[in-house]
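Subject: Structure handover

Hello,

Here is the structure I promised you. Please open it first, then read my notes below.

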Number of protein chains: 2
Amino acid sequence: MSADLAQLVTLIAQRARAASLVLATTPTTRKDAALLRLAELLPAASAELLAANAKDLAAAEANGLAKHEIERLTLTPAKLDHLAESVRQVAALPDPVGTVLEDWTRPNGIHIRKRRVPIGVIGIIYEARPNVTIDCAILCLKSGNAAILRGGKEIFNTNTAFAALITQALADTGLPADAVQLIPTTDRAALNTLLKLDTLIHCIIPRGGESLIRFVAQNSTIPVIKHYTGVCFVYVDKAADLTMAENILINSKTQRPGVCNTAEQLLVHADIAATALPRLASALAAKGVQLRCDPASLAILQSAASSSQLSALKSQLSAASAADYTAEFLDLILAVRVVPSIDEAIATINRDSSGHTESIITADAEAAARFQLAIDSAVVAWNASTRFNDGFEFGFGAEIGISTDRLHARGPMGLNELCSYKYVIDGTGQVRA
Amino acid sequence: MSADLAQLVTLIAQRARAASLVLATTPTTRKDAALLRLAELLPAASAELLAANAKDLAAAEANGLAKHEIERLTLTPAKLDHLAESVRQVAALPDPVGTVLEDWTRPNGIHIRKRRVPIGVIGIIYEARPNVTIDCAILCLKSGNAAILRGGKEIFNTNTAFAALITQALADTGLPADAVQLIPTTDRAALNTLLKLDTLIHCIIPRGGESLIRFVAQNSTIPVIKHYTGVCFVYVDKAADLTMAENILINSKTQRPGVCNTAEQLLVHADIAATALPRLASALAAKGVQLRCDPASLAILQSAASSSQLSALKSQLSAASAADYTAEFLDLILAVRVVPSIDEAIATINRDSSGHTESIITADAEAAARFQLAIDSAVVAWNASTRFNDGFEFGFGAEIGISTDRLHARGPMGLNELCSYKYVIDGTGQVRA
């Protein structure tokens with residue numbers, strides 16, 4: 001039984017490898033034709049897709065999943081339209097494959113081109129969101145990669161219905177059906193086999209919660225690109241414009257508090273803390289943000305809250321615990337500290353941040369440059385919201401996630417980042433001396 | 001005891017992380033000053049270095065190591081001069097850090113720069129070659145990375161002496177001493193601890209034999225960049241110039257048969273096999289290369305060898321086993337096959353090669369383009385030797401190895417490939433809509 005499962009997963013990977021060699025030389029027009037066919041099939045198959053989703057939803061209710069979890073699983077006709085539109089958008093994006101990234105000629109006359117090529121076979125391990133099957137399949141297909149998809153058990157029927165549609169779109173347009181394959185079981189043993197097939201699969205991308213990503217990273221012999229969530233900082237420098245600071249802080253913290261590029265930590269320069277903190281805190285409190293404060297900021301804010309104008313602030317304040325200073329709240333909570341200098345701000349961030357996204361608010365260009373040089377994070381913004389660390393906001397058109405790794409891809413990961421490269425050498429008979 | 005060791009290794013990694021933050025903002029001139037100081041110290045300390053090496057050599061003899069293994073361990077004054085020269089050469093190379101790789105402005109006015117930065121902390125796991133400690137230390141230092149070095153036990157005294165010199169060069173020029181640290185034990189438990197410190201170390205590069213690399217890849221939770229050796233092909237197309245084919249084949253196979261970019265496999269198009277094979281085979285035989293032949297090539301060559309002119313060839317011929325077709329001989333042995341078409345050559349290579357380096361010899365530009373498009377290897381050469389897959393030959397000036405991975409770095413890995421990037425955003429108060 002387990003041997004059969006291992007054999008099945010290996011066979012899937014072998015087929016993916018074969019398909020990847022075909023995809024790597026498939027012209028853009030043919031890949032786009034498959035995508036556009038899929039965009040047609042999605043609304044046409046809405047009855048089957050919603051029926052499959054209904055099975056998953058019924059099981060979720062029977063298993064007592066929380067309401068917000070069930071909502072996340074739920075497909076609707078509107079979500080299907082949105083998915084079809086995103087497929088068309090990916091078809092319209094430029095093909096990353098074949099671009100010459102660099103080229104040069106050596107003194108001996110050989111001409112070297114560094115040419116962008118697909119990575120090969122990509123395994124995507126994900127949890128219970130219905131759009132991920134389509135998102136990952138289309139990004140891999142557009143970038144010329146074969147995809148092996150392993151979704152969560154809560155959404156298995158929906159995923160299976162989506163995968164059948166993808167297979168049909170590939171068949172209808174003459175592309176290899178094995179270009180996108182769903183592992184037809186959510187048995188953990190199948191995943192464990194998959195993560196060791198390092199001669200057939202070239203990259204694993206886990207999408208989901210931290211425990212899933214950690215499990216994959218610890219059990220895979222295939223390179224993994226990790227998309228952990230973020231402990232992002234906003235630092236309000238002594239030379240900050242406070243109106244700008246307020247706008248950026250409110251956007252960074254409250255626009256979508258449950259995502260990885262939301263701010264979780266606020267540092268304020270001591271020189272302006274007495275005036276800046278009450279203003280920023282009351283704006284945050286008005287949005288329902290709770291503040292976990294260090295002693296210095298707590299003293300300033302409690303004193304401010306004792307005045308009648310800012311009394312509403314009082315209920316939002318509490319003393320921070322040590323754990324709060326490295327916490328990813330993913331909620332309307334913000335840890336607040338006062339720092340004596342920009343150097344201390346930099347040291348604090350490089351120690352306590354997760355290296356995802358940080359922002360400095362200052363009118364001092366020199367301070368900004370110093371911050372952007374010294375901060376060791378994927379995205380370092382000056383006078384802009386942390387929420388800009390995002391593939392769409394970067395203009396990538398589509399993204400498979402935001403990498404928290406330093407190798408291969410860092411920050412937003414779009415079609416270009418789903419590619420590797422190879423060197424093509426043109427000679428006229430040169431040999432090595 | 002084991003807890004102490006784990007603590008020691010963790011402390012080394014914490015210090016490396018702190019040093020890496022300093023190195024990331026250290027100007028080029030200061031990094032180069034440390035390198036030039038090291039180049040001075042190397043010849044000056046030759047007595048201590050040779051004495052340390054003598055201890056390792058004595059132990060190697062006592063342990064009965066083979067003569068070629070002992071030779072590999074041996075330091076000489078000439079090798080020290082060569083090492084000092086390579087340190088000066090790395091100092092003279094351009095600093096990769098800070099280069100703006102791309103920059104663009106979004107419709108909302110934010111300006112995004114993709115800026116090259118060091119990876120951070122790099123762990124190098126290597127075996128018994130005395131130059132690797134210096135090579136890796138200087139490449140990491142120049143690229144702004146902190147290095148943790150873990151060498152083999154056969155060369156432990158030599159490595160320790162080199163590490164002391166590096167520490168002195170760093171101290172003499174005011175750089176953090178923890179920028180380069182040698183793990184002061186070859187205990188396997190220390191390595192196992194090291195490979196799990198994924199919050200402190202950002203990249204592991206194993207240098208050595210396949211079993212070392214495989215051990216590291218399977219036990220590391222830190223991303224590993226692998227430098228496996230190669231099963232490289234030369235394909236002689238029906239439109240090949242045979243003089244060129246002979247030169248390139250001889251160079252690819254015999255110039256340095258023990259290295260990863262040497263040719264191990266020859267494919268010859270059936271249309272020219274009867275004329276090309278005897279010529280190529282006798283040139284190879286004259287260099288002492290043994291040929292392991294498929295039935296078609298064996299028939300042609302045995303018939304040719306029966307003539308008086310090529311009788312010397314006879315003793316070099318044998319029938320290939322199935323294993324020979326995917327073998328990395330690293331010796332004066334070549335597997336030979338006849339293929340009916342370029343498509344069959346491509347399919348054979350994509351199935352049997354290790355994806356390192358392949359070369360097509362042809363006067364037909366269309367055939368070359370097809371080959372270069374479809375072959376799924378790091379380097380695909382047309383009318384040039386496989387031996388050009390090398391950092392120096394690419395003009396990188398120095399290399400830490402030749403990556404056989406597809407993520408982050410593929411092919412020769414120089415200073416640029418020892419870097420990651422970060423995005424620096426300049427705004428004027430933009431928030432996300």
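Start at the rotation axis. Of the residues of chain B, B:H408 comes closest to that axis, with its C-alpha at 1.8 Å. A rotation of 180° with 0.0 Å of shift along the axis puts chain B on chain A, with an RMSD of 0.0 Å. That is how a two-fold axis relates copies. The superposition is by least squares, on the C-alpha atoms of residues with pLDDT of at least 70 in both copies.

Some ground rules. This is a predicted model, where local features need pLDDT of at least 70, side-chain atom pairs count only at pLDDT 80 or more, and totals for chains, interfaces and linings use all residues. Residues are numbered from 1 along each chain as its sequence is written, chains are lettered from A and ligands numbered from 1 in the order in which they are written, and side-chain values use heavy atoms, without hydrogens and water.

Next, the salt bridges. Side chains of opposite charge can pair when their charged atoms come close. Here a salt bridge means a side-chain nitrogen of Lys or Arg within 4 Å of a carboxyl oxygen of Asp or Glu. Over all chains, the structure holds 42 of them.

Take A:D376 and A:R410. Their side chains meet in a salt bridge, 3.7 Å from N to O. The two residues are 34 apart in the chain, and the pair links distant parts of it. A:D376 sits in the loop between α14 (365-374) and β13 (379-384), and A:R410 in the loop between β14 and β15 (411-413), in chain A. Helices (H or I, at least four residues) and strands (E, at least two) are DSSP runs, numbered from the N terminus. A:D376 is buried, at 15% relative accessible area. A:R410 is buried too, at 3%. Buried means under 20%, exposed over 50%, and partly exposed in between, with a 1.4 Å probe and protein chains only.

Which residue pairs with A:E393 in a salt bridge? The partner is B:R432, with the closest N and O atoms 3.2 Å apart. B:R432 lies in the segment after β16 (419-430) of chain B and A:E393 in helix α15 (residues 391-394) of chain A, so this pair joins two chains. Both B:R432 and A:E393 are buried.

B:R37 and B:E40 form another salt bridge, at 2.7 Å between the closest N and O atoms. They are three residues apart in helix α2 (residues 28-44) of chain B, so about one helical turn separates them. B:R37 is partly exposed, at 24% relative accessibility.

Last, the second largest pocket. A pocket is an open set of points on a 1 Å grid over the protein atoms alone, where a 1.4 Å probe fits, with protein on both sides within 12 Å along at least five of seven lines. Lining residues have an atom within 4 Å of a point. The second largest pocket has 47 of them, and A:R129, A:N131, A:R207, A:R256 and A:E399 lie nearest its centre. Helix α5(A) gives the largest share of the lining, seven residues. Domain 1 (2-228 + 412-426) and domain 2 (232-392) of chain A both contribute to the lining, so the pocket lies between them. The domain bounds come from an automatic or database domain assignment.

Best wishes
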